[in-house]
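Here are my notes on the model you passed along.

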Amino acid sequence: QVQLVESGGGLVQAGGSLRLSCAASGRAFNEYSMGWFRRAPGKERDFVAAISRFGGTRYYADSLEGRFTLTRDNAENTVHLQVVGLKPEDTAVYYCAARSARTWNLFRVRRPDEYNYWGPGTQVTVSS
């Protein structure tokens, strides 16, 4: 069992930046690859980024790479999603998720149903 809690969301002007964090508790953090997803109003939950168990590999949604940077600190049981150049279309609830499966490829990690545990989400609102 893993409990996840996101933080760092808020209201920011277009062009600004945020650092979203996800704190994990429970079983050994490095047993899980981690992902971030977001759900914009009226839309489905979309893949943002994922990071492997020890942080050696990252995947990003094609449209987001370059503005989003995902890191993890296994000693602190946290993952961080740094976002720069925020746009109004980045407005969404951002969720972190933990995945126990060992298979690591973009096809798998971008699917929400691959993840075993989810946080409650943190709202990011970008004003124009």
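**Notes on the model**

1. Aspartate 90 is buried, at a relative accessible area of 1%; buried means under 20% relative accessible area, exposed over 50%, and partly exposed in between, using a 1.4 Å probe and protein chains only. Before going on: this is a predicted model, where local features need pLDDT of at least 70 and side-chain atom pairs count only at pLDDT 80 or more, while totals for chains, interfaces and linings use all residues. Residues are numbered from 1 along each chain as its sequence is written, and side-chain values use heavy atoms, with hydrogens and water left out.

2. Where does aspartate 90 sit? Its place is the loop between β8 (78–83) and β9 (92–99); strands here are DSSP runs of E, at least two residues, numbered from the N terminus. Not counting residues up to four places away in sequence, aspartate 90 touches Arg38, Leu64, Arg67, Phe68, Gly85, Val124 and Val126 (contact means heavy atoms within 4.5 Å).

3. Aspartate 90 also forms a salt bridge with arginine 38, the closest N and O atoms being 2.8 Å apart. Arginine 38 belongs to strand β4 (residues 33–39) and aspartate 90 to the loop between β8 and β9, so the pair ties together parts that are 52 residues apart in sequence. The cut-off, for the record: a side-chain nitrogen of Lys or Arg within 4 Å of a carboxyl oxygen of Asp or Glu. Arginine 38 counts as buried too, at 14% relative accessibility.

4. There is a polar contact between the side chains of aspartate 90 and arginine 67, at 2.8 Å. The term covers a pair of N or O atoms within 3.5 Å; within protein, one must be able to donate a hydrogen and the other to accept it, and residues adjacent in sequence count only if both atoms are side-chain atoms.

5. How many salt bridges turn up in the whole structure? The search finds five. One of them links the side chains of arginine 108 and glutamate 114 (2.7 Å, N to O); arginine 108 is partly exposed at 26%, whereas glutamate 114 is buried at 14%. Arginine 111 and aspartate 113 form another, with the closest N and O atoms 2.8 Å apart. Here arginine 111 is partly exposed at 33% and aspartate 113 counts as exposed at 54%. Salt bridges that share partners join Arg38, Arg67 and Asp90 into one network.

6. On to the rings: the count comes to seven aromatic pairs. Rings of Phe, Tyr and Trp (its six-membered ring) pair if their centres lie within 6.5 Å, with planes under 30 degrees apart called stacked, over 60 edge-to-face and the rest tilted. Tyrosine 95 and tryptophan 118 have ring centres 6.4 Å apart and planes at 80 degrees, so this pair is edge-to-face. Since tyrosine 95 lies in strand β9 and tryptophan 118 in strand β10 (residues 117–118), the pair ties together parts 23 residues apart in sequence. Phe37, Phe47, Tyr95, Tyr115 and Trp118 form one aromatic cluster.

Note on methods: Helices (H or I, at least four residues) and strands (E, at least two) are DSSP runs, numbered from the N terminus.
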